Amino acid sequence: MIVRTIEDLEKLGRIKFPADASFRSARFFTANDGLGFSYNENRVKKGTDLTVWLKHHWEANYIVSGRGEVTDLTSGESWPLAAGVLYVVGPNDRHRLCFSEDECHISIFHPPLTGNERFDSDGAYEPSGPIPVTDRRIFHKTIEGLRKAGQEEVSNEAYLRKIALLTQNDDIGFGLSHQHIKANAQITLDKETCWRAFHILAGTGHVSDLTSGKTASIAPSTAFTMGPDDQHRLSAASDLHLLCVTSFVPDSGL
């Protein structure tokens, strides 16, 4: 189990400013971690306006807080950005991001980034692995929309609520779910055949590796990993909201 906080990332030199001082990117996991994906927690200042074209990657962005807008510069279609919105862009999606409030989002990449990339003149990162040629275009989903469509899974005791935002059917190399664990609940995270990373959005508690016995405190902007043979227990001191990123790359992991 790897556990990382913002303080850990500062010591590791993983706090980056990819555009300018208006954009802070905390690189929680990178290609060297061997998970099959990488992800950042990004904080963007109000008034930031960026043109981005990720020619060599899939990128999923989950909005944690703040407001803005993403515009497809090919079709001209725009979508509002607010807490609980997910938008996904790929090689065909030159797009513009404008933020009307200070904003925070989680950005997940496949193939994974090294963590030292900088935007080029087109707003792209250099290639970091193979990506299929595709005609797919930008798409978005919302927590509220999926919940209204009956896509929320609720445990029998209602201690755990889960919404799958991305699955294997989305075919971008990783899955993503939003999970809500009620205060004072304990949830056992069972073994799977893949690597997973969990990012705490809100709430506090503890995570215990049931194999090694290691226990760590968790709070907002804390992340931890689970390998294919691991089993963890989450204990919620208050209501916990977290994202779970799941690798769909068969040979990921070190």
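Good morning. The structure before you is a predicted model. I shall begin with the whole chain and then turn to individual positions.

The protein contains 22 strands and 2 helices. Its radius of gyration is 17 Å, close to the 18 Å that the globule rule gives for 254 residues, so the protein is as compact as a globular protein of that length. The C-alpha trace spans about 50 × 40 × 35 Å along its principal axes. Of the 254 residues, 52% count as buried. If we consider contacts with a separation of 6 or more, 68% of them are accounted for by residues 24 or more positions apart.

As for the surface, the accessible area of the protein comes to about 11,500 Å², and carbon and sulfur atoms hold 47% of it.

Let me now turn to Asp239. This residue sits in the loop that runs between strand E21 (232–236) and strand E22 (240–247). Asp239 counts as partly exposed, because its relative accessibility is 36%. Which residues does Asp239 contact, leaving aside its neighbours within four places in sequence? They are His180, Ile181, Lys182, Ala183, Ala202 and Gly203. With His180, the contact is a polar one between side chains, at 3.2 Å. With Ala183, a polar atom of the Asp239 side chain lies 2.8 Å from the backbone nitrogen. Gly203 is 36 residues from Asp239 in sequence, while their C-alpha atoms are 5.4 Å apart in space.

Is Asp33 buried or exposed? Asp33 has a relative accessible area of 9%, and it is therefore buried, the cut-off being under 20%. The Asp33 side chain makes a polar contact of 3.0 Å with the side chain of Arg4. The side chain of Asp33 also reaches the backbone nitrogen of Thr30, at 2.9 Å.

My next residue is Val207, which belongs to strand E18 (residues 205–209). Val207 has 0% relative accessibility and so counts as buried. Apart from neighbours within four places in sequence, Val207 is in contact with a set of residues including Met1, Ile218, Phe224 and Leu234. Lys214, Thr215, Ala216, His232 and Arg233 are also among the contacts of Val207. For a view across the model, consider Thr48: this residue and Val207 are 159 residues apart along the chain, and their C-alpha atoms are separated by 36 Å.

I close with some points of backbone geometry. Most residues other than glycine have a negative phi, and most peptide bonds are trans. Where does this model contain a cis peptide bond? One joins His110 and Pro111, with omega at about -5°. Pro111 lies in the loop between strand E11 (103–110) and strand E12 (139–142).

Ala158 is not a glycine, yet its phi is positive, at about 65°. Ala158 is placed in the loop between strand E13 (152–154) and strand E14 (160–166), and it is partly exposed because its relative accessible area is 24%. Ser221 likewise has a positive phi of about 65° without being a glycine. Ser221 occupies the loop between strand E19 (215–218) and strand E20 (222–226). Its relative accessibility is 11%, so Ser221 counts as buried.

Thank you for your attention.

How values were computed. Residues are numbered from 1 along each chain as its sequence is written. This is a predicted model: local features need pLDDT of at least 70, side-chain atom pairs count only at pLDDT 80 or more; totals for chains, interfaces and linings use all residues. Side-chain values use heavy atoms; hydrogens and water are left out. Helices (H or I, at least four residues) and strands (E, at least two) are DSSP runs, numbered from the N terminus. The radius of gyration is taken over C-alpha atoms; the globule rule is 2.2 Å times the number of residues to the power 0.38. Buried means under 20% relative accessible area, exposed over 50%, partly exposed in between (1.4 Å probe, protein chains only). Contact means heavy atoms within 4.5 Å. Accessible areas come from the Shrake-Rupley method with a 1.4 Å probe; for residues, only the protein chains shown count as cover. A polar contact is a pair of N or O atoms within 3.5 Å; within protein, one must be able to donate a hydrogen and the other to accept it, and residues adjacent in sequence count only if both atoms are side-chain atoms.
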